[in-house]
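Student: Could you go through the side-chain interactions in this one with me? I'd like to start with charges and then move on to rings and the surface.

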Amino acid sequence: MIKYIQLLAFMLVSVASFAQNQYKGTVQTSTNEPLVGATVVATDDTSNGVQTGFSGGFEITLNNSTTVLVSYLGFKTQEATLTEGENVITLTESSESLEQVVVSANREQQKRSEVPGAISVLGSQTLEDTKAFGIDQLVNQVPGVFMSTSRAASNEQHFMAIRSPISTKSLFLYVEDGIPIRPTAVFNHNALLEMNNTAFNRIEVLKGPASSIYGSEAIGGSINVITKEPSRDLTGGVGFQINDLGLTRYEAEFSQYVSDKFGIYFGAHHARRKDGLIEHSDYEKTAITFKTVYDMSNNTKWTNVFDLIDYRSDMTGSLSEEDYTGGNYESDQTFTERDALAFRFRSTLETRWNDRNKTKFNAVFRNNKMDQNPSYRIRQFRDMGQLTGFGSGEINSNEFNSILALVQHKADFNFLNSSLVLGGSVDFSPQDYVARPTSVIVDTETGRNIDFSIQNGFILNYEADILNYAGYFQYEISPVEDLKITAAMRYDRFSYDYDNRIDDLAGAADTKTEYDNIAPKLGLNYNFSLKAGVYANYSQGFTPPQTSTLFRNGFVGVGGEVFDLQPSEYDNYEVGGYFKIAEKVTLDAAVYLLDGKNTLVTLRNEDDEFFNANAGETRSYGIEYGISYSPMENLTLSHNGSYAKHEYITFFDRGVDYSNTDRETAPNLLGTSILTYKPFDNLTISAEHELVGEYNTSFEGQVENEDGTTGTATYDGHNVFNFRISYRFKNIEIWGHALNLTDELYAARASYSRFRGENSYTIGNPRAFHGGIKYHF
């Protein structure tokens, strides 16, 4: 009997020793955001593994061991020992440059080493360290990117240059979580005014044409802002910022999963400039983002995002040569302004059918209205060169409602580690535009525009229904282990249905204008190791005319045919590489050639009014480079720069041949250098140098000198030095910026006026100090 009891006890112990135990937990980032699709694998049996669901949660059955390996793309693999109850595993980002995760190349997560293009990432840590109060302070850290704005007066109104001259052209696409902020052809340059930088989690900049995925307007590059996700636990804060340029800013945000499956994020700020150093430069902006995430199951997630932007700004205008050099920053404007109200709603349903197939369904609604009394439309009348006391201008209103549907599916295959992305979209955007003339009163003593009155009649009054539908694919394959080949193509069709509501009074005759385009891309990556790789690509870009340039043109008479503006087309050739040397030096470089046909340029007519025309052929080519050196763990020196040439290959204006000349407002040299020192965890000190090289402000030989010769107007460029410091003590964080330490006189942009025979300047900022404080909870 005793033997049977002993045998039974032995069997029970044996069964217990081989009993299977169920463990559960959550995998998250250092900021408490859940990691979706992280792999959890038993260390004693690599065939026993699971992936985290949309809430970052997992359940795994283990046998003899309680130890697992947790891995996720772009993060360091971590070993964890599981216990009973809820296990929270926090992963840290990998420092290996080729392991960095990006999503902008095809709207799907992939390694940097799989993207055959120049792409840069400004991660959450960079955003945290920079303490930027303007987007330019962030994106200018990317090689070859120059966002130019006057922190003293522009109020987020800006110029941009990525593989192009400094301008406001629609050559760059601004997207949020992979979705364009504005529809095609509705002046997407203003999209940055309609974003909420409180909600920014990271920024990805893809340089060169991205039309094979994103469609038109992604020529010089695309800027994709990835917004913050709800955190597993309650996080947030309230903050206040102020500077001696008249700016104050209040912000608040909070984030939490309020249940196992439902999370929310709220981020908002209110910024205001009042009585700044530059006259007539007040502005107010309120930005609100509200995001909900519902993890319907481990395989299905439903995300909804609401954005509301209420913006109003004085439009200071540019300064004359005399005022700029003489330090007279009194604006000639007293009533010009811009007022915008933008609302966006995005609903995304994402489902993983299995380990190899997933689909995203996106529905987007945009409502936008912008009213202007623009400074750039004011003309002062002169008689024999003297002001008459009168002038002209306009008020205008541009409103659109937009509905976008976008579906994308990704399939992974067993064959040579290949994958296929398929997508399609339909965007319908009815636009309403009204412009009325104004009469302006000018003070002849000061040259200031002091009053205006609205005149009878209209300059323009039309509706334009804009329809864009598209389909695209991207296929990736690895014929050998370290080689990745990417082929992509997109077809776009555009239709502008223009209805002139004041026939025979103003504007062109009713018309329907259509464009279509096929944009291919072919690229490859070869990675020598986790620390070195090279790539090459060919891609095409395409941008149709904006409605404002197509239906408003000085060459179109009343009831005439729409001026025949052609779409701009670009061919991009590029090679590059990315390297990490001795764990201390990282290098990212690209050489490119961008050929443009029918490039759209802005010119001035005899009345000093702007109009748009196709420029024949243009060429931009150069090198972009970013290098970072960390001699010790808490000290980093980085330099991001570019050297480029921007030329007219074939271009005529007013019978003058400007072919084979340098384009205006196109500096050869751009650079940003940053020295960052972190003596201990909670203290960050940074010194920054911004370099903009000399550039032409006029066409070559356009300036007529008094002695009968011709010359070229130029801007000398500038060097600006900034300093930043931030410190966090428990839940309180304080920081300060010293801007333009040497108090250098510089311009955010300079351009030449043939009518006035001199440069005009958008002033930068004098020496200034900015400070902030934030309470975290």
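This is a predicted model: local features need pLDDT of at least 70, side-chain atom pairs count only at pLDDT 80 or more; totals for chains, interfaces and linings use all residues.

Student: OK, how many salt bridges does the structure hold?

Tutor: The structure holds 39 salt bridges. One of them joins the side chains of Arg346 and Asp177, with 2.6 Å from N to O.

Student: Where do Arg346 and Asp177 lie?

Tutor: Arg346 lies in strand E23, while Asp177 is in the loop between strand E13 (172-176) and strand E14 (179-180), so this pair ties together parts that are 169 residues apart in sequence.

Student: And is Arg346 buried or exposed?

Tutor: Arg346 counts as buried, at 10% relative accessibility, whereas Asp177 is partly exposed, with a relative accessible area of 24%.

Student: Which residue forms a salt bridge with Asp307?

Tutor: That partner is Arg344, and the closest N and O atoms of Asp307 and Arg344 are 3.5 Å apart. Asp307 sits in strand E21 (residues 300-314) and Arg344 in strand E23, so the pair ties together parts that are 37 residues apart in sequence. Both Asp307 and Arg344 are buried.

Student: What about Arg493 and Glu514, where are they?

Tutor: Arg493 is in strand E30 (residues 483-500) and Glu514 in strand E31 (residues 511-529), 21 residues apart, and the pair links distant parts of the chain. Their side chains meet in a salt bridge of 2.8 Å, N to O. Arg493 is partly exposed at a relative accessible area of 21%, and Glu514 also counts as partly exposed, at 41% relative accessibility.

Student: Which residues are linked in a network of salt bridges?

Tutor: Lys228, Arg249, Glu251, Glu253 and Lys774 are linked in that way.

Student: Switching to rings, what is the count of aromatic pairs?

Tutor: The count comes to 23 aromatic pairs. Among them is the pair of Phe335 and Phe452, which is tilted, with 4.8 Å centre to centre and 35° between the planes.

Student: Which parts does that pair tie together?

Tutor: Phe335 is in the loop between helix H5 (321-326) and strand E23 (337-354), and Phe452 belongs to strand E28 (residues 449-454), so the pair ties together parts that are 117 residues apart in sequence. Phe335 counts as buried at 14% relative accessibility, but Phe452 is partly exposed, with a relative accessible area of 29%.

Student: What kind of aromatic pair do Tyr433 and Tyr462 form?

Tutor: Tyr433 and Tyr462 form a stacked pair, 5.4 Å centre to centre and with 25° between the planes. Tyr433 lies in strand E27 (residues 419-442) and Tyr462 in strand E29 (residues 460-477), so parts that are 29 residues apart in sequence are tied together by this pair.

Student: Why does Tyr433 count as buried?

Tutor: Tyr433 is buried because its relative accessible area is 9%, and buried means under 20%. Tyr462 counts as buried too, at 1% relative accessibility.

Student: Which rings are linked into a cluster?

Tutor: Ring pairs link Tyr648, Phe651, Tyr658 and Phe699 into a cluster.

Student: Now charges over rings: which ring face does Lys131 lie over?

Tutor: Lys131 lies over the face of Trp735, at 5.6 Å from the ring centre, and Arg163 lies over the face of Tyr592, at 4.3 Å from the ring centre.

Student: On to the surface. Which residues form the nonpolar patch there?

Tutor: The patch is formed by Leu234, Val238, Phe254, Phe680, Tyr727, Phe729, Ile732, Ile734, Ile773, Tyr775 and Phe777, which together have about 990 Å² of accessible area. Strand E48 (718-729), strand E49 (732-739) and strand E52 (768-776) are the elements that give two or more residues to the nonpolar patch.

Student: And where is Phe680?

Tutor: Phe680 is in strand E42 (residues 669-680), and Phe680 is partly exposed, with a relative accessible area of 45%.

Student: Last one: what does Gln141 touch?

Tutor: Leaving aside residues up to four places away in sequence, Gln141 touches Leu122, Thr126, Thr130, Asn640 and Ile674. Gln141 is placed in the loop between helix H3 (136-139) and strand E11 (145-148), and at 12% relative accessibility Gln141 counts as buried.

Definitions and conventions. Residues are numbered from 1 along each chain as its sequence is written. Side-chain values use heavy atoms; hydrogens and water are left out. Patches are made of residues with over 30% relative accessible area and no salt bridge: like charges are joined within 9 Å, nonpolar side chains (Val, Leu, Ile, Met, Phe, Trp, Tyr) within 5 Å. Accessible areas come from the Shrake-Rupley method with a 1.4 Å probe; for residues, only the protein chains shown count as cover. A salt bridge is a side-chain nitrogen of Lys or Arg within 4 Å of a carboxyl oxygen of Asp or Glu. Helices (H or I, at least four residues) and strands (E, at least two) are DSSP runs, numbered from the N terminus. Buried means under 20% relative accessible area, exposed over 50%, partly exposed in between (1.4 Å probe, protein chains only). Rings of Phe, Tyr and Trp (its six-membered ring) pair if their centres lie within 6.5 Å; planes under 30 degrees apart count as stacked, over 60 as edge-to-face and the rest as tilted. A charge sits over a ring if NZ of Lys or CZ of Arg is within 6 Å of the ring centre and within 35 degrees of the ring normal. Contact means heavy atoms within 4.5 Å.
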